Amino acid sequence: MPAHILVVGGGIGGLATALALSRGHHRVDVFEQAAAFGEIGAGIQIGPNVTRRLHQLGLAEGLEAIAACPEALVVRSAGSGSELARLPLGDAMRQRYGAPYLCVHRADLHSLLLEAVRAQGTGTLVTDARIAQVETSDDLVCVSSSGARAWEGEALVCADGLWSVARQQLEVPSAAEPPRITGHTAWRGLAAQAALPQALRRQRVDVWLGPRLHVVAYPVRGGDWLNVVVIAESAPAGDARDWDQASSLDALQKATGRSGSGVQALLEAVPGWRAWTLSDRPPLASAAEMAHGRVALVGDAAHPMVPYLAQGAGMAIEDATALAEALGKGGAAEVPAAFAHYAEARWQRNALVQARARRNGRVFHATGAARLGRDLAMRTLGARLLDQRWLYGG
Ligand SMILES: Cc1cc2nc3c(=O)[nH]c(=O)nc-3n(C[C@H](O)[C@H](O)[C@H](O)COP(=O)(O)OP(=O)(O)OC[C@H]3O[C@@H](n4cnc5c(N)ncnc54)[C@H](O)[C@@H]3O)c2cc1C
């Protein structure tokens, strides 16, 4: 008999998990603290390792309808605007990895997952349910909300993000430690491509590297919108728990100074800015940090990372499909062994992605001689340096 699974958190990781498990005919109830299921207004890039998993979840057509398929990734110097390296994406990625490299609006991907979970119809979606307490026994798990409501199931998946309450169930010393606030801030904005001057419109991923900062721009929503992100080593903008702080170009440029002319024109054309304080955790050190007994963690609850490899949501989606594969058609009795197998299968890859993301931050933001060395390596190795076979093919 399929298991009855409680999923805490209805973000991209929680919904991908609910979808993957309900396709295996498990009963899955999702608990989201917000009054409605939703996502903030920003883009994410999803590499072929992730689109492949979304295709497995039956979302190939839906994804095609909402995504932009950028033609290339181009890395430039933020000061001079000169090109350092280029990686063809588009058909090149499909041929190389059997799945596309896409850019999506978070809300569009979230809606796609939500509709697919609803269509499965194998559980309930509960909003206004901020889970404050978790109790587990040999056979059961019980979650209770701050509103004094309680629910019981046979397994618990914690997908409650960076500030996970549920991860405190793990029997590892780091479970109760708060995330590390990195001192880096991301400013992000969206612009309708039709409202931009022709020279600023683009259907590729552009990255500009500057001392202690970088800027990324890529199309979303079928290419109609441009997502722009500036990440700088600057004092946290505000409440570290708030992913969506109001900000402005003035505030951004007080922290970063003005950019080279090409980037500056783009930043000035973006109609509004939101700020996001970046936090992470050290790379996972063992499988015990991803599961214990009837409790498993997915996504940022387990392995929050800086976004310098553009894979945080990607790893949450990989976790989701791996968890469902580990459980298969197993019932309540199989849950602890399946969750242990899941954690064993996932922790090293997640740890590597966390570590590589941190390393990318140091490379992207390099100054002085390190920056000159980086630029030379990029100019010499080009696509070979940008392509990540271990990641996209994994
Ligand atoms: C600037 C920036 C750019 C990024 N770009 C990319 C990218 O290009 N590609 C990529 O793959 N990733 C990217 N990421 C990373 C990505 O955003 C995260 O890794 C991803 O959102 C994690 O998803 P999640 O579902 O695990 O957690 P979250 O998205 O944090 O979802 C957690 C959910 O749980 C809910 N919740 C929390 N606590 C409770 C509770 N106690 N009870 C009930 N519900 C609760 C929350 O309301 C939320 O809905 C980026 C991140 C940043 C900051």
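Student: How are α1 and α8 oriented, roughly parallel or roughly antiparallel to each other?

Tutor: The general idea is to compare axes, which are lines fitted to C-alpha atoms, for helices over the stretch in contact, with angles running from 0 to 180 degrees between N-to-C directions. Angles under 35 degrees count as roughly parallel, over 145 as roughly antiparallel, 65 to 115 as roughly perpendicular, and the rest as oblique. Here the axes of α1 and α8 cross at roughly 25 degrees and come within 8 Å, and the two helices are therefore roughly parallel to each other. Please note that this is a predicted model, in which local features need pLDDT of at least 70 and side-chain atom pairs count only at pLDDT 80 or more, while totals for chains, interfaces and linings use all residues. Residues are numbered from 1 along each chain as its sequence is written.

Student: Which hand does the crossing of α1 with α8 have, and which residues make the contact?

Tutor: A crossing is left-handed if the near helix is turned anticlockwise from the far one by less than a right angle, and right-handed if clockwise. α1 passes α8 in a right-handed crossing. The contact (C-beta atoms, placed from the backbone, within 7 Å) involves Ile 12, Gly 13, Ala 16, Thr 17, Ala 20 and Leu 21 of α1. On the α8 side, its residues include Ala 313, Ala 316, Ile 317, Asp 319 and Ala 320. By class, the contact of α1 with α8 has 11 nonpolar, 3 polar and 1 charged residues. In this scheme Ala, Val, Leu, Ile, Met, Phe, Trp, Tyr, Cys and Pro count as nonpolar, Asp, Glu, Lys and Arg as charged, and the others, Gly among them, as polar.

Student: How are the labels of helices and strands assigned?

Tutor: Helices (H or I, at least four residues) and strands (E, at least two) are DSSP runs, numbered from the N terminus. Helix α5, for example, covers residues 106-120 and packs against α1 at an angle of about 30 degrees, with the axes 9 Å apart. α1 and α5 are therefore roughly parallel to each other, and their crossing is left-handed. In α1, the residues that meet α5 include Leu 15, Leu 19 and Arg 23; their counterparts in α5 include Leu 109, Leu 113 and Gln 120. This contact has 10 nonpolar, 3 polar and 1 charged residues.

Student: At what angle does helix α8 pack with helix α9?

Tutor: α8 (residues 312-327) and α9 (residues 335-364) pack at about 155 degrees, with their axes 8 Å apart. That angle makes α8 roughly antiparallel to α9. The crossing of this pair is right-handed. Among the residues in contact are Met 315, Asp 319 and Leu 323 of α8, and His 341, Tyr 342 and Arg 346 of α9. They divide into 9 nonpolar, 2 polar and 2 charged.

Student: Which element gives the most to the shell around the ligand?

Tutor: A residue is near a molecule or strand if its C-beta atom, placed from the backbone, lies within 6 Å of it. The ligand is surrounded by 35 residues, of which the closest are Gly 9, Gly 11, Gly 161, Gly 299 and Gly 312. Two or more residues come from each of α1 (12-23), β3 (43-46), β17 (273-280) and α8. α8 gives the most, with 4 residues. By class the shell has 19 nonpolar, 12 polar and 4 charged residues.

Student: How should I read the sheets, and what order do the strands of the 6-stranded one have?

Tutor: Strands of a sheet pair through backbone hydrogen bonds, either parallel or antiparallel. Pairing requires that DSSP find at least two bridges between two strands. The open sheet of 6 strands runs β7-β2-β1-β11-β19-β18, with mixed pairing. β7 (125-126) and β18 (291-292) are at the edges with a single partner strand each, so one side of each is left without a neighbour in the sheet. β18 pairs with β19 (residues 295-297) in the antiparallel sense over 2 bridges, and Ala 291 stands opposite Ala 296 in β19.

Student: Which strands make up the open sheet of 3 strands?

Tutor: The order is β8-β9-β10, and the pairing is antiparallel. β8 (131-136) and β10 (150-153) are the edge strands, each with a single partner, so one side of each is left without a neighbour in the sheet. β9 (residues 141-145) and β10 are joined over 4 bridges, and Trp 151 in β10 is the bridge partner of Val 143.

Notes. Two residues are in contact if their C-beta atoms, placed from the backbone, lie within 7 Å.
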